[in-house]
Amino acid sequence: MASALQNSLGTIDRSTVEQIVRQVALEFLGRGKAQAPVLTVQTSSRHMHVCREDMDVLFGPGAELTFDRPLYQEGNFAAKETVTIVGPRSRLISNLRILGPMRKQSQVELAFTDAIMLGFSDIPVRLSGDIAGTPGAIIIGPKGVVELKEGVIRAAIHVHMNPAEAAQFGVAKGDKMKLRIGGQAGLTFNNVHVRVDPTSRLNVHMDTDEANACGLHLTKDIELFK
Ligand SMILES: [Zn+2]
């Protein structure tokens, strides 16, 4: 199905694709009522979220994010816009992708490896949005420079789910679950934060360090449990 969709993406418009996806999803839901929801695990590469004020400085007054590709959670997308981040020892990483939509506060999510490369001695592991007291950085855009006072974090590994899925697992928002990854480099993550939202689709977000450590690409043997 995925490859058929990809093959036809060039010739059919977006709403047709969305309709097909919706149909398939509905058929799937109808068939699999008694089954556990299908779990997907995704790797988030380093990225930035921007607020309106910082967007104005980095890309010019009133600039909007340009849609590049959709992310798994509805409404979220990778933007075409990128910035450069400068760390405490003047080291930098360019092509830092911005994810949309815009948020109330700017935030940069790095893997530890990225943070070390940028010269940070440490960055805190936080859930997205929880940035009080975190390190800052210099962000360079095509139209200007922003000095973030705080907002550089390593995103804590987490699972998104809707209330029905939470009930099925017997967990609530704020709980922690375990994620066992099988395969040659397999390991178990013991602190997977549960995030519950009615619009969410069941999936785990981990960063590139975590994905590389457990060899996520090597296996489909994955289990999420309390
Ligand atoms: Zn997430």
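Asp68 is partly exposed, with a relative accessible area of 36%. In this predicted model, its side chain meets that of Lys80 in a salt bridge, at 3.3 Å from N to O. The pair links distant parts of the chain, with Lys80 in strand S4, residues 77–86, and Asp68 in strand S3, 12 residues apart. Lys80, at 48% relative accessibility, also counts as partly exposed.

A search of the whole structure finds 10 salt bridges. One of them joins Arg52 and Glu64, again at 3.3 Å from N to O. Arg52 belongs to helix H3, residues 52–59, while Glu64 sits in the loop between H3 and strand S3. Arg52 is partly exposed at 27%, whereas Glu64 is exposed at 54%. Together with Asp56, these two residues are linked in a network of salt bridges.

I turn now to the zinc ion. Its protein donors are His158 (NE2), His160 (NE2) and His205 (ND1), lying 1.9 to 2.1 Å from the metal. Along the chain the donors follow the spacing H-x1-H-x44-H. His158 is in strand S11 and His205 in strand S14, 47 residues apart. His158 counts as buried at 8% relative accessibility, and His205 counts as buried at 17%.

Finally, the surface. Ile138, Ile140 and Val145 make a nonpolar patch of about 210 Å². Ile140, in strand S8, residues 137–140, is partly exposed, with a relative accessible area of 33%.

Methods: Residues are numbered from 1 along each chain as its sequence is written. This is a predicted model: local features need pLDDT of at least 70, side-chain atom pairs count only at pLDDT 80 or more; totals for chains, interfaces and linings use all residues. Side-chain values use heavy atoms; hydrogens and water are left out. Donors are N, O and S atoms within 2.8 Å of the metal (3.2 Å for Na, K and Ca); water is not among the atoms, so sites may look incomplete. Helices (H or I, at least four residues) and strands (E, at least two) are DSSP runs, numbered from the N terminus. Buried means under 20% relative accessible area, exposed over 50%, partly exposed in between (1.4 Å probe, protein chains only). Patches are made of residues with over 30% relative accessible area and no salt bridge: like charges are joined within 9 Å, nonpolar side chains (Val, Leu, Ile, Met, Phe, Trp, Tyr) within 5 Å. Accessible areas come from the Shrake-Rupley method with a 1.4 Å probe; for residues, only the protein chains shown count as cover. A salt bridge is a side-chain nitrogen of Lys or Arg within 4 Å of a carboxyl oxygen of Asp or Glu.
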